[in-house]
Amino acid sequence: DCCSDLVWWNQLLSKWNGRCFFLHNEWTTAEELGLCTDASGSIGWGAYYGAEQRWISDTWAPDQLPLSIEYKELYAIVAACTAWGSGWTSKRIRLYCDNKAVVDCISSGTSRAPYLMPLRRCLSIFLCCPKFLF
């Protein structure tokens, strides 16, 4: 959706300072960071950040229950970025996800499934500000 992309660019440009510093040379694995996310189709989602011994979880709202598992898995990743992403500046994070559609969406920056794109745009903002990489 073109209008949503323009809104995303507006959000990015208002947050990004125009500078891009170098990322670390090595990838930080999910194990080293202690980052785990997962989602259930009918119950909810959760994320654990071992580096800070913290976790978050929630159940699905009634309007989220009928959504696809791809949406739910990506939602858990975006929630983890929202909670802890500010501490990942300049890191290259190897994230493990058990859903190929979500891996493809993150890797390519887009999805053929339009319902995933709002979450993907949100993830893109996190990847640019505070500048970490999956």
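In which helix do Asp-104 and Lys-100 both lie, and how many residues apart are they? The first close-up below has the answer. This is a predicted model, in which local features need pLDDT of at least 70 and side-chain atom pairs count only at pLDDT 80 or more, while totals for chains, interfaces and linings use all residues. Residues are numbered from 1 along each chain as its sequence is written, and side-chain values use heavy atoms, with hydrogens and water left out.

View 1. Asp-104 and Lys-100 both belong to helix 4 (residues 100–108), 4 residues apart, or about one turn of the helix. Helices (H or I, at least four residues) and strands (E, at least two) are DSSP runs, numbered from the N terminus. The closest N and O atoms of this salt bridge are 3.0 Å apart; the term asks for a side-chain nitrogen of Lys or Arg within 4 Å of a carboxyl oxygen of Asp or Glu. A search of the whole structure finds 1 salt bridge. Lys-100 is exposed at a relative accessible area of 60%, whereas Asp-104 is partly exposed at 36%. Here buried means under 20% relative accessible area, exposed over 50%, and partly exposed in between (1.4 Å probe, protein chains only).

View 2. Two strands pair if DSSP finds at least two bridges between them: strands 2 and 3 have 5 bridges, and strands 3 and 4 have 6.

**View 3. Along strand 3.** Trp-45 is the bridge partner of Ala-39, and Trp-45 also has Asp-58 in strand 4 as a bridge partner.

View 4. Strand 2 is joined to strand 3 by a hairpin through 4 residues. In the hairpin of strand 3 and strand 4, also with 4 residues between the strands, Gln-53 takes a positive phi near 55°.

**View 5. Arg-120 in helix 5.** Arg-120 sits in helix 5 (residues 117–131) and counts as buried at 6% relative accessibility. Leaving aside neighbours within four places in sequence, Arg-120 is in contact (heavy atoms within 4.5 Å) with Leu-74, Cys-105, Ile-106, Gly-109, Thr-110 and Leu-127.
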